[in-house]
Amino acid sequence: MVADVDFWLTQFLNGLQLSMLLFLLSIGLTIIFGLMHFVNLAHGALYMVGAYAGVSAAAALGNFWAALLIAPIAVMLVGIFLYAAIIRHMRRAGPMNQVLVTFGLIFVIVDLVRIVWGDIALGMAQPAILSGPAEFLGVVYPAYRLFIIAVGLIVMAALSLVLSRTQIGAMVRAGVENDAMAACLGINVERLFFAVFCVGCALAGLAGAIAAPVFSATPSMATDILIPTLIVVVIGGLGSLRGAIAGSLIVGFIQTFGAVVMPEFASVLVYVLLAAVLIVKPAGLLPARS
Amino acid sequence: MKKYVCAALGACASIALMAHAAAAETKVGLLLPKSGNYAALGQEIDDGFVMALEEAGMADDFTLVREDSEAKPPVGVAKARKLVLQDEVDAMVGIVSSAVLGAVRDFVDGSKVPLIVANAGNDAATGASCSKYIVRVSFSNGQVNRPMGSWMAEQGIKKVYTLAPDYAAGHQMIDAFTESFTAAGGEIVGSEYTPFGKTQDFGPYLTTAKAASPDAIFVFYAGGEAISFVKQYDSFGIKKDIPLYGSGFLTSPLYVKAEGPAAIGVKTSLHYVPTLDTPENKAFVAAFKAKFDRPPSEYAVQGYDAARVLVEAVKAGANDRESIAEGLTKVSYTGPRGPLTIDPATNNVVQNIYIYETVADGDALTQKIIGTVPEVRDPANGCSLK
Amino acid sequence: MFHQTPLKTFTVAAVIAALALYAILGGYFPREIVIEIALLAILAVSLDFVAGYGGMVSLCHGAIYGIGAYAFAGMTAIGGYDTVTATLVALAAAAAFGLFVGAVAANITGIFFIMATLAFGQMAYVVVFESRALGGDDGLSGIARYDLSAIGIDMNDSLQFALFCLAVVVIAYAAAAYVLRSTFGRTLSGIHSNEDRMRALGLTAWRHKAVAFSFSSMLAGAAGILAAQHTQFVSPELLVWTVSGEVLIVVILGGLGTLAGPIAGAALLVLLKHKIGAYTEHWHLVIGLFLVAAVMAGGRGVYGQIEYWLRQRAGRRADA
């Protein structure tokens, strides 16, 4: 194998980049679950909508940065609609019904996307400033991927700050720990959930728009991304920011280095890991509730 | 008087019979994916098929029954059985996925209904498990890639790294390339198969491939994976040191728009390129663009030729399952992709393979043909039809 | 707790009779649809057995179904064994896999259990997909059907095969109902409602759950055996997690924890799919809206909703 520092540094960046994308997706899913015990399988479909919204916005405005702003807002609006029409009424319907309803939503959203944008995968141009390779720590690495890593780290830092330092953050943490108690303390848990849900949707949309220039937008991305995201959430432990961070890093790096070191097992490694974690720690590595 | 009426009635009846024979006599089942990941290909093939029937002025002579295979083997088998046993079609056309082709093979062979394969490229379908009733007008995985191996060696490329998805088609494409490339004196310095349908991030593989420092990289990817791969290849900045070669599906006209400038300079081999400079192709491209407002892809041509061979066979007098199966193998004409015949030894198509480079044409991208390997014929591969 | 109520008996009998009639009177394609429904119904009964009565919602029943199909296919097409041996081996293979998953995942609950079963299912999928001996993603063909000519049944006739599959649905239902009514089944329901209490009573809960999961897997394996004979071709797609997802949809749609409901759910989903599919390529959209509407309407599943109405009416009559 290659014993070259540049090689491993590049692979490290590859792993980090994948982890950051997974993080943007899983953080919304995990906090929504942690706060309201709501299993939203349609989260991956929102990611797909984000990618398509980004592609269309970029094509219409000719500006990548505008697309990056519009896509999360568009997905948030979709999320608000879903919340008002369906999810609000499903809060106490039990996990099985939530699974069924959000599964149905995947079907609906994917087919609507097919009707609007067609079956053929659509590409999105990278902004000129980020296209092509850049120098980083002495290795040549695609500038756009460095940008993904940066966005992931910024969101991570911002969420950590909000959750640990602000009043809203404290309310969210209280809600995750014990929602009934939080409600007794005068926190409007429902409104809190709505706000968190919107942020989660926006982050899924952001992830979609950021991913589109690298992966292109396809109708199959809704289900393709669902399982890896669920794995991240479950490995990390439901409901915690630290869990989502740990889960994304573990899955991102296992996938990247699995592909390098033992490619023939690359597709099964992450499942082996998932099974192993659940057998040893049935509630994930860093669950929000002890 | 009585005699006269009888004769008149008889004449009427026979005219009616003849009219019936000319109109809507051949029933064709179109078995294509209409939902799922392959829906776009199914649509292209369908469009090409319909266009050829209209062009021949015989759209009324064929009754079409469309079924969605969903590109899933069990669904494909159920729908094939439905077409044959319930709709009693005279011929079936379609099949995008090789897995579906493998699943319906025994049934088609047993029920003796001709099947014109319009995409699925599994080598074995016209090799070890070939059938008298299965005729392929699209391509075989080996056929598209074998010529590229010798061609690249001729260009002075010595060391190649290969990448493809880890499933049967990926292995067959790479194997055919490897075989002819090494036979011509080339060396494969490394090879990797990426998990099929699960790989979106090619970064780790590209980094490893680059580290093997080959002269060139040869890959097979199609659909969404092709778009991701080409764009990521470009973003890693490897292209200027290590040029990208591949199976022509990589830069298919269907996807090249989404790939954008990243596809410029990629050299690939395929059985059809829309910029082919022949009168047949120019007429075809113009007609297709006029009807569908987009350039035809290789998939559209496959649909077109599937209809064309069927039309030719029917014109030559075939009118039932057995005679259509017989007639299909005798068809030969020069179409959009050049001379096309069916090899009676395997029932696979014999056709030119074109090597083309994707180049910039103003803001758009187009294909420049840089090599033609004429009349590529697959070896029998264990098939013994003749 | 499971009770074989008259409503359950009536539902199963009515659905099976209607399907049999549909197969007998319909043409070729209705028979294909009936077979598809029957296979899905067996899977749904087997999943409802563990999910509805044992609280173990599995996302690997598709993989177990595939294991049954592949074991049967491998034994007949590669090994050249007779169909009886192949059936026994396939049932044993499915049951053994189920026992393993059930034992290892017994202490995992809720969504974590779903994810753990997903992981094991996907591992099985990858192993089959990568296995050159089993044909990899090319699949395996040349699978024999049962030879029942001795009792006058021609399995190569689509109608007789469809009726045979319906008979297996009834057998699977009866087997599941029998086990649920036994002491074992009552204990399983006890574990589902309060595992700690059952442990306090001195029960080894994990062992009980593993055996239940193994039994359910055996039923799923039986569906796989029929699937292999039906298409006479197996491919790794059988094991993919979306198959398990579809079974789960059927169970919830029919009514989780009703055992009879899932059979009706299977018929409903498959018929809906084909009827809508005849009109539009976008049948997923309609099915999706239907699922959403079905849950919003009450979320008891089709059978559960009927049971609920009847109970309410009975209640009103009692009040009056």
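In strand 2 of chain B, Arg66(B) is the bridge partner of Leu30(B). This is a predicted model, in which local features need pLDDT of at least 70 and side-chain atom pairs count only at pLDDT 80 or more, while totals for chains, interfaces and linings use all residues. Residues are numbered from 1 along each chain as its sequence is written, chains are lettered from A in the order in which they are written, and side-chain values use heavy atoms, with hydrogens and water left out.

Strand 1 (residues 26-32) and strand 2 (residues 62-68) of chain B pair in the parallel sense over seven bridges, where pairing requires that DSSP finds at least two bridges between the strands. Helices (H or I, at least four residues) and strands (E, at least two) are DSSP runs, numbered from the N terminus. Together with helix 2 (residues 39-55) of chain B, strands 1 and 2 of that chain make a right-handed β-α-β unit; right-handed here says that, with the strands pointing away from the viewer, the path from the first strand over the helix to the second runs clockwise.

Chain B also touches chain A, in a contact that takes 36 residues from chain A and 29 residues from chain B, contact being heavy atoms within 4.5 Å. Chain A and chain B bury about 2500 Å² between them, 60% of it on carbon and sulfur atoms; buried area is the accessible area (1.4 Å probe) that two parts lose on being put together, summed over both. One salt bridge is counted between chain A and chain B, and the side chains of Arg145(A) and Asp201(B) meet in a salt bridge at 2.9 Å, N to O, the term covering a side-chain nitrogen of Lys or Arg within 4 Å of a carboxyl oxygen of Asp or Glu. Of the side of chain A that touches chain B, the largest share, six residues, comes from helix 1 of chain A.

The contact between chain C and chain A involves 35 residues of chain C and 37 residues of chain A. These two chains bury about 3200 Å² between them, 85% of it on carbon and sulfur atoms, and in chain C the residues that lose the most area to chain A are Phe112(C), Met115(C) and Trp241(C), together 18% of what that side buries. Between chain C and chain A the count of salt bridges is zero. Helix 5 (110-130), helix 10 (241-254) and helix 12 (283-296) of chain C each supply at least two residues of the side that touches chain A, and the largest share, 11 residues, comes from helix 5 of chain C.
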